[in-house]
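Here is a quick tour for anyone meeting this structure for the first time.

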Amino acid sequence: MSLQVIGAGWARTGTTSMKQALELLGLPCHHMHEVFDHPEQADLFREALKAGPDFDWERIYADYSATVDWPGSVFWRELLAAYPEAKVLLTVREPERWFASYHATVYRPIALGWGDPAADGWNAMAQEVVVQHLLGGEPHDRERLISAFERHNEEVRASVPADRLLVHHVGDGWEPLCAFLDRPVPPQPFPHLNDRAGWGSRAAD
């Protein structure tokens, strides 16, 4: 198996829904939830950050056809170089709404970590890959984060050829995604999942 879809969108841009949508299209999809289910991946993403272009991405993605969400989207450039035939999927949402969702959900575990000692590997990965590398050490400040979010989206748009890029807004549904991937539209509605409650309960553990 080889990655066919590289999700460049940040967390809280509909990535949980997109993961399910891609899997309904027959594309096993990596997401941050996979790192919870496979804790050894946290160390692999930290290794990838240090190894640069020499890292073998099949050590993480051998069983997946797609990836969305952090930490994979942090490495969208490296993944595009490693999988030159893959297409890029940029999930986006209105910046103010993105920050509100980020702050209500993933902010606490990303910035402050889980209190469970069993999560030490995940916490180290989140700090090194997301907080330090992606966010420049500043996971708190609203204006800086919104600017970084907008800058990231513009960099993806400017860097990926138009025929290999789909910018997908929350609520766009099946049609643009299926046309982009040359897949028939499934009969079921496009997934609309919001894991805010799940993040909140886990952060409170």
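Let's start with a salt bridge: in this predicted model, the side chains of arginine 46 and aspartate 43 meet, with N and O 3.5 Å apart. Both residues sit in helix H3 (residues 40-51), three residues apart, or about one turn of the helix.

Arginine 46 has another partner too, as its side chain forms a salt bridge with glutamate 128 at 2.8 Å, N to O. Glutamate 128 belongs to helix H8 and arginine 46 to helix H3, so this pair ties together parts that are 82 residues apart in sequence.

Now for a pair elsewhere: arginine 142 and glutamate 96 make a salt bridge, their closest N and O atoms being 2.3 Å apart. Arginine 142 lies in helix H9 (residues 142-159) and glutamate 96 in helix H6 (residues 95-104), so here the linked parts are 46 residues apart in sequence. The structure holds nine salt bridges.

How exposed are some of these residues?

| Residue | Relative accessible area | Class |
|---|---|---|
| Arginine 46 | 23% | partly exposed |
| Aspartate 43 | 43% | partly exposed |
| Glutamate 128 | 24% | partly exposed |
| Arginine 142 | 32% | partly exposed |
| Glutamate 96 | 38% | partly exposed |

Helix H8 deserves a look as well. Its 15 residues (120-134) should span 21 Å at 1.5 Å a residue, and the end C-alpha atoms are 19 Å apart, which agrees. There's a kink of about 30° in H8, centred on glutamine 127. Buried residues in H8 include Trp122, Met125 and Leu134. After H8 comes glycine 136, with a positive phi near 60°.

How values were computed:
Residues are numbered from 1 along each chain as its sequence is written. This is a predicted model: local features need pLDDT of at least 70, side-chain atom pairs count only at pLDDT 80 or more; totals for chains, interfaces and linings use all residues. Side-chain values use heavy atoms; hydrogens and water are left out. Helices (H or I, at least four residues) and strands (E, at least two) are DSSP runs, numbered from the N terminus. The expected span of a helix is 1.5 Å times one less than its number of residues. The bend at a residue is the angle between axes fitted to the seven residues ending there and the seven starting there. Buried means under 20% relative accessible area, exposed over 50%, partly exposed in between (1.4 Å probe, protein chains only). A salt bridge is a side-chain nitrogen of Lys or Arg within 4 Å of a carboxyl oxygen of Asp or Glu.
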